[in-house]
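Work through the exercises below with the model open. Each task is followed by a stepwise solution.

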Amino acid sequence: MIVTERLDLRRIDTADAELVFDLFSDPEIARWTSVQPMTSMDEAHQRTTYFMGRGGALEWAGIYVVRERATGSDLGIALVVPLPLSSGEAPTDVEIGWHFRPSAWGNGFATESGLAMAQHGFAHGVEHLYAVTHPDNFRSQAVCRRIGMSDIGVTDKWHGQPLRSFRLDQDRRSSATS
């Protein structure tokens with residue numbers, strides 16, 4: 001478990017399929033992921049199983065359910081995972097990211113969990129972390145900037161589509177966490 005000032009982050013598991021469905025059946029969230037909104041719990045179970053394996057060979061990496069400690073509410077998910085190359089080759093970069101329920105937007109939870117994911121990656125020796133966003137997802141891009149990430153432009157290097165990309169280097173970590 002990863003603990004921040006207001007949040008508890010724990011590895012996603014099969015019991016989280018309902019949260020995954022709630023998140024990715026919402027058109028407002030799905031539009032930023034470039035996939036159609038989920039329409040069934042079967043899809044949610046499949047996606048949850050997929051999420052459970054997203055850390056790949058990096059035992060410390062994965063997708064985490066973000067819970068607000070004060071309310072006990074699951075707000076969304078945060079991730080620190082290998083970043084899939086569009087070429088299909090083995091990933092060489094590590095991605096941080098987040099997906100939250102709209103009711104959680106605007107409260108700093110994405111920034112707080114993004115910083116936690118960055119610290120987790122750096123603690124495991126990652127030198128550079130990336131975040132990728134839909135080119136029009138200005139809210140998520142603002143989170144990247146608040147974390148201290150540098151905008152490196154739009155590229156189709158990852159996920160097989162053009163995405164606005166950001167980078168955070170371990171040597172900038174102290175400025176991102178202060």
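**Exercise 1.** In this predicted model, list the residues through which α4 meets α5, and classify them.

Solution. 
- Step 1: on the α4 side, the residues are A110, T111, G114 and L115.
- Step 2: on the α5 side, they are V143, R146 and I147.
- Step 3: sorted by class, this contact of α4 with α5 has four nonpolar, two polar and one charged residues.

**Exercise 2.** Describe how α4 and α5 are packed, and state whether they are parallel, perpendicular or oblique.

Solution. 
- Step 1: two packed helices are described by the angle between their axes and by the distance between the axes.
- Step 2: for α4 (residues 109-123) and α5 (residues 138-147), the angle is about 50 degrees and the axes are 9 Å apart.
- Step 3: roughly parallel needs an angle under 35 degrees, and roughly perpendicular needs 65 to 115, so α4 is oblique to α5.
- Step 4: the α4 and α5 crossing is right-handed.

**Exercise 3.** Give the strand order of the sheet and explain which strands are at its edges.

Solution. 
- Step 1: the sheet is open and has eight strands, ordered β1-β2-β3-β4-β5-β6-β8-β7, with mixed pairing.
- Step 2: β1 (2-3) and β7 (150-155) each have a single partner strand, so one side of each lacks a neighbour in the sheet, and these two stand at the edges.
- Step 3: V94 has L129 in β6 as its bridge partner.
- Step 4: helix α1 (residues 17-24) packs on the sheet, where it touches β3, β4 and β5, and its direction makes about 85 degrees with that of β4.

Methods:
Residues are numbered from 1 along each chain as its sequence is written. This is a predicted model: local features need pLDDT of at least 70, side-chain atom pairs count only at pLDDT 80 or more; totals for chains, interfaces and linings use all residues. Side-chain values use heavy atoms; hydrogens and water are left out. Axes are lines fitted to C-alpha atoms, for helices over the stretch in contact, and angles run from 0 to 180 degrees between N-to-C directions. Helices (H or I, at least four residues) and strands (E, at least two) are DSSP runs, numbered from the N terminus. Angles under 35 degrees count as roughly parallel, over 145 as roughly antiparallel, 65 to 115 as roughly perpendicular and the rest as oblique. A crossing is left-handed if the near helix is turned anticlockwise from the far one by less than a right angle, and right-handed if clockwise. Contact means heavy atoms within 4.5 Å. Ala, Val, Leu, Ile, Met, Phe, Trp, Tyr, Cys and Pro count as nonpolar, Asp, Glu, Lys and Arg as charged, and the others, Gly among them, as polar. Two strands pair if DSSP finds at least two bridges between them.
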